[in-house]
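Dear colleague,

Please find it below, followed by an account of what was found in it.

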Amino acid sequence: QVQLVESGGGLVQAGGSLTLSCAASGTILSIVRMGWWRQAPGKERELVASINSGGATDYADSVKGRFTISRLTAKNTVHLQLNNLQRDDTDVYYCSARLYTQPGLWDDYWGQGTQVTVSS
């Protein structure tokens with residue numbers, strides 16, 4: 001069984017910063033990639049940023065230069081630093097991990113979501 005636990009969401013003024021963290025635990029053989037997605041009510045979930053096992057990162061165009069994803073491999077933890085937050089960044093943010101629980105068996109796992117609210 002695998003569990004992703006997120007922390008760090010909250011309310012911040014426009015221009016401010018937050019750090020989101022996500023820790024994966026359970027029966028984990030190896031992690032392919034971890035990432036953060038966000039979803040507003042009535043909209044599809046969109047990828048914000050991801051980082052793979054080699055350290056390569058990918059960002060949505062809307063957050064490039066403002067958000068930074070990093071990973072502590074030994075602790076199966078991923079962080080997302082959110083700087084210069086704007087009102088459009090208000091969403092529920094979800095951590096995800098694609099990982100192997102045994103050789104040849106991988107799956108995608110999701111956290112419960114953490115709310116980020118940016119006020120003007």
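**Findings**

Ser50 has Asp58 as its bridge partner in strand 6. Please note that the model is predicted. Ser50 itself belongs to strand 5. Its relative accessibility is 13%, under the 20% cut-off, so Ser50 counts as buried. Leaving aside residues up to four places away in sequence, Ser50 touches Met34, Gly35, Ala56, Thr57, Asp58 and Ile69.

Strand 5 and strand 6, the latter covering residues 57-59, are paired antiparallel through 3 bridges. The two strands make a hairpin with 4 residues between them, and Gly55 in that turn has a positive phi of about 95 degrees.

Strand 5 (residues 46-52) also pairs with strand 4 (residues 30-39), again in the antiparallel sense, and 6 bridges join these two. Within this pairing, Trp36 has Ala49 of strand 5 as its bridge partner. Strands 4 and 5 likewise form a hairpin; 6 residues lie between them, and the turn contains Gly42, with a positive phi of about 80 degrees.

Strand 8 (residues 77-82) pairs with strand 7 in the antiparallel sense over 6 bridges. Phe67 stands opposite Leu82 of strand 8, and Leu72 stands opposite Thr77 of strand 8. Strand 8 is also joined to strand 3 (residues 18-26) by 6 bridges, and these two strands run antiparallel. In this second pairing, the bridge partner of Ser21 in strand 8 is His79.

Strands 7 and 8 form a hairpin with 4 residues between them. Asn76 is located in the loop between these strands, and its phi is near 50 degrees, a positive value in a residue other than glycine.

**The loop between strands 8 and 9**

Most residues other than glycine have a negative phi. Asn84, however, has a positive phi of about 50 degrees although it is not a glycine. Asn84 is found in the loop between strand 8 and strand 9 (91-102). Its relative accessibility is 38%, which lies between the cut-offs of 20% and 50%, so Asn84 counts as partly exposed.

Leaving out residues up to four places away in sequence, Asp89 touches Arg38, Arg66, Phe67, Asn84, Val116 and Val118. The C-alpha atoms of Asp89 and Gly113 are separated by 14 Å, and the two residues are 24 positions apart along the chain.

**The protein as a whole**

The secondary structure consists of 11 strands and 0 helices. The radius of gyration is 14 Å, close to the 14 Å that the globule rule gives for 120 residues, so the protein is as compact as a globular protein of that length. Along the principal axes, its C-alpha atoms fill a box of roughly 50 × 25 × 20 Å.

Of the 120 residues, 38% are buried. Among contacts with a separation of 6 or more, 55% are between residues 24 or more positions apart. The protein exposes about 6,500 Å², of which carbon and sulfur atoms supply 47%. The side chains include 10 positive and 10 negative ones, and the centres of these two sets lie 4 Å apart.

Yours sincerely

Terms used: Residues numbered from 1 in each chain as written. Predicted model: local features only at pLDDT ≥ 70, side-chain atom pairs only at ≥ 80, totals over all residues. Heavy atoms only, no water. Rg over C-alpha atoms; globule rule 2.2 N^0.38 Å. Buried < 20%, exposed > 50% of the residue type's maximum accessible area, 1.4 Å probe, protein only. Contact = heavy atoms within 4.5 Å. Areas by Shrake-Rupley, 256 points an atom, 1.4 Å probe, with all protein chains shown as cover. Lys, Arg positive; Asp, Glu negative; His and termini not counted. Charge placed at Lys NZ, Arg CZ, Asp CG, Glu CD. Pairing = 2+ DSSP bridges.
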